[in-house]
Amino acid sequence: MSIKKLHYGAGIFISVFIVLHLCNHAVSVFGAAAHLTFMDNLRVVYRNVVIESLLLLAVLVQVISGLRLFWQQRKTANSFYEKLQRWSGFYLAIFFVIHLSAVLGGRYWLGLDTNFYFGVAGLNNYPFYLFFVPYYGLAILSFFAHIASIHHQKMQKKVFGVTVAQQSNIILVLGVVGTVVILYGLTNGFGGVRIPQEYEVLIGK
Ligand code: HEM
């Protein structure tokens with residue numbers, strides 16, 4: 001199987017999780033309790049040995065194959081969307097490694113429930129949010145940018161008179177809106193979330 005097909009297959013599997021995961025984060029606009037309940041329900045699907053192992057394996061495949069494609073296409077990616085696909089993928093590879101190390105480290109090393117409060121501790125405390133806002137924001141934007149680039153490459157048809165380039169641009173705009181909505185929710189409408197004591201270790205307290 002070619003490296004591209006492997007990357008595409010693993011990408012589709014991971015994307016199903018990411019869409020659900022980002023919906024979970026968007027639900028935080030209704031409050032922390034809504035986010036916690038949504039995650040509890042989602043965990044029934046992915047927090048088991050089979051699905052979680054497949055997910056982690058798919059991410060590993062995605063990161064390795066993605067970095068190889070990033071390097072291979074350094075001279076051939078010329079158009080805006082080709083470059084966007086390369087760079088958004090590069091950021092996602094770095095993000096995956098840090099994010100999953102943090103989640104697994106939080107769970108097995110710190111013994112924390114990696115729930116809403118684990119995700120948002122850094123986002124709601126100075127100076128940590130100077131890192132976490134661009135770190136999470138760029139991850140969500142990169143996900144949408146990667147999808148927009150693939151759409152641009154694979155889609156052939158106008159839809160209701162909307163050209164392929166316009167369709168991809170719409171996906172990018174949705175990414176910006178999604179990023180703002182999620183960051184708004186995860187910071188309690190930019191007002192800040194009080195972090196329970198057991199998570200204060202994450203912000204050096
Ligand atoms: C908006 C900012 C984000 C926050 C606050 C966040 C937070 C979290 C948390 C708390 C977990 C642990 C879930 C659990 O224990 O059930 C998690 C897992 C995960 N996140 Fe995120 N996440 C964010 C964005 C993303 C993005 C953009 C991606 C992918 C592009 C992503 C991919 C993953 C993956 C693959 C897992 C591992 C699931 C598992 O095996 O348990 N996350 N995230």
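## Helices from end to end

Helices here are DSSP runs of H or I with at least four residues, numbered from the N terminus. In this predicted model, the elements of the protein chain, read from the N terminus on, go α-α-α-α-α-α-α. That comes to seven helices and zero strands.

## Overall shape

Of the 205 residues, 25% count as buried. If you look at contacts with a separation of 6 or more, 71% of them come from residues 24 or more positions apart.

Most residues other than glycine have a negative phi, and most peptide bonds are trans. With that in mind, have a look at Tyr126 and Pro127, which are joined by a cis peptide bond with omega at about 5°. You will find Pro127 in the loop between α5 (116-120) and α6 (129-154).

Neither is a glycine, yet Asn188 has a positive phi of about 55° and Phe190 has one of about 65°.

Are these two residues buried or exposed? Asn188 counts as partly exposed because it has 16 C-beta neighbours inside 10 Å. Phe190 has 11 such neighbours inside 10 Å, so Phe190 counts as exposed.

Terms used. Residues numbered from 1 in each chain as written. Predicted model: local features only at pLDDT ≥ 70, side-chain atom pairs only at ≥ 80, totals over all residues. Helix = DSSP H or I, 4+ residues; strand = E, 2+ residues; numbered from the N terminus. Buried ≥ 20, exposed ≤ 12 C-beta atoms within 10 Å, placed from the backbone. Contact = placed C-beta atoms within 7 Å.
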